[in-house]
Each structure stands twice: as C-alpha cells, then as structure tokens.
Amino acid sequence: MTSMLDVVFLLIIFFILATNFAAKDVPRMDTPEPNVSLAEQWDKPNARVINLLADPAAPGEVGEVLLQGGRGSYPMSAQGLADLTESLYQMRQRMPALEIDVRADRSLPYDRVEPVLDAIKAAGIFRVNLVAQLQRGGVAP
Amino acid sequence: MHHRRHTARDRGLQPLNLTSMLDVCFLLLVFFALTASFAIDEGVLPTELPDEGRGVAVDAPPPVEPIRIVLTPQNTDGVRIEVQSVHQPVPANSERLYLMLDSWRFDQQTGQGLFDASNPVVIRVSGAVRWQHVVDVYNAVLRAKYTNVGIVGNERDA
C-alpha cells in the first residue's frame, strides 16, 4: 500500500509540474512551420491570442475565431468580425500596449486570415505576433 | 527477554484508514491526467501591420523603393515566390529567397550589398496562398535581417 501511494503521489506531482494550464489558450492545431524558424518564446504578458481554427468539414475555411482560447467565439461574418473588433477595442482601452498573437492553422488560405488582421487593425492594434513552430533543436542561426 | 513490538492497536489507537485518501489521490491523478496539456513548441514572429491611414510605416527620408515579394498559389498547396524589385531569377523556395535577400543586404564591413537592412520589404500575398507559406516567407525575410517587413493582400496597393 505504501509504495503504491508513493507512486500515486509521484504521478500527481509530475502532472502538476508538467501541465501547462496556459495552453488552454492554444487549442490544438497545426501552426506554420517555417524553414529555420526565428520564432521567439511565447511569454508576452501584454499579448492576447486569437486562434483561427480550420473547419474540418470544409477545407480552407475557418471553423472558429477564438479570442483567448474560447472566452469569445466569433463567426467569420461581417458582424462576427465587427464584434471581434469591438472586443479588441475594449481590451485595448484597458491595456494600451496590447499585442495580438495570431495563431492560425497552416492550411488556411491567406484570404481567410486577412479579414481577421483587418479586424485587429480596425481596433487600433498594429502590433501583431504571428505564431509559428519553434526551431527544432534550438535557436535558429 | 522477549520484546514484543507495540502496535497502534496495543496502544488503543485505531489503524489509519487510507482508503479515502487513496480515493482523493486517484481522483487528482485522473483529473491531471485528463487535463494535462503539455507545453507546445510554438513561438511568435513579431510584426507590425501596415496602416494606410496612419501614415507611412517607413520613416527613412528620402522614400526608398521597397523590395516586393509576390506570393501566388502554385498547384494545390504550393507557392510561387517572385521578387519584383530587381531582375533576378524567381526563387524556388524560402531558403533560396533567404540566401538572395541576405546577399543583397548592405554589409558595412565589406561595403557590399544593394539594400540597407531598414529597406522596406513588402510581401504581397494572393488570397489562395496557404498561411504556412506566408509565415515561411516572412520568417525568411526576418532571417535575412531585414527590419521593416510588411504583409499585404495582393489586391491592395503596398
């Protein structure tokens, strides 16, 4: 019994330490993987994530636009993008140095990403970070 | 002389019942096992969106001719990368684009190169080009150490 308890506690400690709860902002998707990536570590406190998930039922279409990993979901319509702009504008009022991390599925065509970039610009936010895979095996030369 | 080890029962104590604690431990274990989402290998490439209404992003007088990189779709998922600023062969991929841009960048030590690192680079993208290629090309330009890079839709005037 004692040794089993030891193992259970060890497993609990492992999961507590290894779990990244911030990853709730990053739903699973295939982000772009540049050749010799210069992507920097992702830990900006003044940045908020916009996820553009591909629609599995309709290739090349955006399934969902998620602000902050599900706290706000916006359809890819004129009204949805206008609502996104309004939400971002409100966030920028509270956080003037706000930056947006655009995390889009690599398979999406640019004309599905561009309206979201426009919505970000319309909110007066021009500092945007493109989320990409880090260089495997360390920092790019 | 025989010494007998005194148990908790001998001392009038009940043995510790671990069942409920084990239940809690297993519940915690299941919770963490199910919700665990391990750190992902992602990072960000910082950029500045072009703002047509906010003035020109480039503040280097006199105005300089930007390096224009045009991305158009090729086949199903491919991309054609074309540099329009100077007459050069069309790069086949982002690696060749990087090598080309890197060789064009002005090097103060050797005094060679065509463009300053602050020279604007405009990536014009056709709507059907995959986001993967857009980010890949943007990354290649950053790799070549250009600092003033913008991404615009192909139908827009850079």
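This passage describes chain B of a predicted model and a cavity in that model. Residues are numbered from 1 along each chain as its sequence is written, and chains are lettered from A in the order in which they are written. Because the model is predicted, local features need pLDDT of at least 70 and side-chain atom pairs count only at pLDDT 80 or more, while totals for chains, interfaces and linings use all residues.

Chain B contains three helices and five strands, taken as DSSP runs (helices H or I, at least four residues; strands E, at least two) and numbered from the N terminus. Along the sequence, the elements of chain B follow the order α-β-β-β-α-β-α-β. Of its 158 residues, 38% are buried, that is, under 20% relative accessible area with a 1.4 Å probe, protein chains only.

Two cavities of 30 Å³ or more were found in a search of the whole structure. A cavity is a set of points on a 1 Å grid over the protein atoms alone where a 1.4 Å probe fits but cannot get out; lining residues have an atom within 4 Å of a point. The second largest cavity holds about 60 Å³, a volume being the space filled by probe spheres set on the points, which are joined across faces, edges and corners. Its lining consists of L117(A), V128(A) and L130(A) together with T47(B), E48(B), L49(B), P50(B) and I151(B). Two or more residues each come from β6 (127–133) of chain A and β1 (42–48) of chain B.

Notes. Side-chain values use heavy atoms; hydrogens and water are left out. On a 1 Å grid over the protein atoms alone, a cavity is a set of points where a 1.4 Å probe fits but cannot get out, and a pocket is an open set with protein on both sides within 12 Å along at least five of seven lines; lining residues have an atom within 4 Å of a point. Buried means under 20% relative accessible area, exposed over 50%, partly exposed in between (1.4 Å probe, protein chains only).
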